[in-house]
Amino acid sequence: MRVLHTSDWHVGRMFHGRDLLADQESVLGGLADLVVDQRVDVVVVAGDLYDRAVPAGESVAACTRILSRIRQAGAELVVIPGNHDSAARLGAFGEFAAAGGLYLRTRIADIGRPVLINDAHGPIAFYGIPYLEPELARHALDVPTARGHQGVLTEAMNRVRADLAGRPGARSVVLSHAFVTGGERSESERSIAIGGVELVSGSVFDGVDYVALGHLHGPQELAHRLRYSGSPLAYSFSEAHHRKSVWLVELDANGLAEVRRVELPVPRRLATLRGELAELLVRPALEELVDSYLFVVLTDLVRPIDAMRRLQQRFPFAVRMEWQPAGGHLGEPLTYPASVHVRDDEEIACCFVVDCRGSDPADAERALIAEAFATVRGKEETR
C-alpha cells in the first residue's frame, strides 16, 4: 500500500494580509495528480486542515473541492484535527463521509478504533489521534494524574497498542498532531505550550510501523518511521529555505518498506531584501524578485517617508518591512515612565521625531513644536 503523508494545510490562511486561498487550492488540488502518478492508495492529513476553528465559507468550499479531487483520483483519506481546527465541527457528518472514503478521526473516544484499509497482504490499521489539549484530554481519557502533552499522548498510544495487540499481523499507521522532541519549529506555528512544556518524546510512539506527524511546518525526519511532512506552502519568512514536500510511504507485508520525499510546486517564492530604499528601487538585479513575497529591511539613516507604498510600486508583493539604520541601532526600548522622566513636553515630542525618523528635528521643526505647545498652554490658561 502507498500512503501519502501530508499535514498542516491551513486552508484559509492569510500571509501578511494577502489571501492564499488560490495558491492553496492550486498546490493541494495538485495532490490528486500525484495520487494518480504514484498510485497512492491513502492520503493522510495529520491535523490543521483549516487555519481557524470556524473557517470562512470560501475556505470550506475550497477544501471540499480539494478533498473531492483527491478522492476522485482514487485515494481514500484519513484526517485528524490539529490545534487550529475545531474537532467537533470538522467531525460533523463523519459517519456519512466515511461511506465515501473520507475518514474523519476527531473524537478522543475513537483513538483505539482504527480505520481499517486492506491491501493484498491484509489490513492496515490507521489510528487517528486528534490534537489533545492536556487539561481537557486527561479527563476524557480518564487519566486525571496525567501531566502535559507527554502524559495524555502516552495514554492515547497505550490505547492504540492495546487495540493493535488484538490484531495479529496487522500493520499500523498513527496520525498525531504534536511537538516531538528533536523537531525544528518555524515562526508560523501557534504554540501549544501548557505550563511551559509542549515537547513529547518520540519513544511515546513506539510499537507502530509509521507515525505521520503534524504541527511543525518544516519537513523533517526524526526517525525512519517518525516524520513531519510540514505545511504544503510557506506561511512565514522563516520558511523561505524549506523545500515543501510530502512523504510517499510504502508498506509491504512486513510493515514499513520505503519512504520517499516528493517536492511540491512553489506558487510564489519568498525572499528578504536589505538596503537603502532609493537603491532597492532601481537595482536591476532585483527584477527577478518582482513576483516574490518580500520582507524588506531598510538601512537608510533617516526613515524614508511612505516607504511601503514606494516599495510596492516596484515590488507588488512586498508584504513586510522593517527599518534598521545602517551603522547603528534604535536602542533598547524604554518603558513609558522611563522615556518621559524629567523631560518637558517639547523634549518628549522631539524624541518622538527621532524615534520615528532616526534624525533630530531641524531648528524650524523645533520652533513649530514649541509654538504648538505654547498655543495649547495658552488655551488651557483661558479656560
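**Exercise 1. Determine which residues of α1 are buried and what they pack against.**

Solution. Helix α1 spans residues 21–29, helices being DSSP runs of H or I with at least four residues and strands runs of E with at least two, numbered from the N terminus. Its buried residues are Leu-21, Asp-23, Gln-24, Val-27, Leu-28 and Gly-29; buried means under 20% relative accessible area, with a 1.4 Å probe and protein chains only. These residues pack against β3 (18–19), α2, α3 and β18, where contact means heavy atoms within 4.5 Å.

The model is predicted: local features need pLDDT of at least 70, side-chain atom pairs count only at pLDDT 80 or more, and totals for chains, interfaces and linings use all residues. Residues are numbered from 1 along each chain as its sequence is written, and side-chain values use heavy atoms, with hydrogens and water left out.

**Exercise 2. Explain on which side of α9 its buried residues lie, and name what covers them.**

Solution. First, the buried residues of α9 (residues 307–314) are Ala-307, Leu-311 and Arg-314. They lie on the same side of α9 because they cover an arc of only 60° around the axis, taken from the directions from the helix axis to the C-beta atoms. Finally, the cover over these residues includes α8 (277–280), β18 (293–298) and β19 (318–323).

**Exercise 3. Describe the largest nonpolar core.**

Solution. A nonpolar core is a set of buried Ala, Val, Leu, Ile, Met, Phe, Trp, Tyr and Cys residues joined through side-chain atoms within 4.5 Å. The largest one has 41 residues, and Leu-4, Trp-9, Leu-31, Val-43, Leu-49 and Ile-70 have the most contacts inside it. Elements giving two or more residues to this core include α1, α2 (31–37), β4 (42–46) and β15 (245–252). The largest share, five residues, comes from α3. Next, consider Leu-4: leaving aside neighbours within four places in sequence, its contacts include Leu-31, Val-43 and Trp-247. A second, separate core of 29 residues includes Ala-125, Val-180, Val-211 and Leu-216.

**Exercise 4. State how many helices and strands the protein chain has, and what percentage of its residues is buried.**

Solution. The protein chain has 12 helices and 19 strands. Of its 383 residues, 49% are buried. For contacts with a separation of 6 or more, 67% are between residues 24 or more positions apart.

Terms used
Buried < 20%, exposed > 50% of the residue type's maximum accessible area, 1.4 Å probe, protein only.
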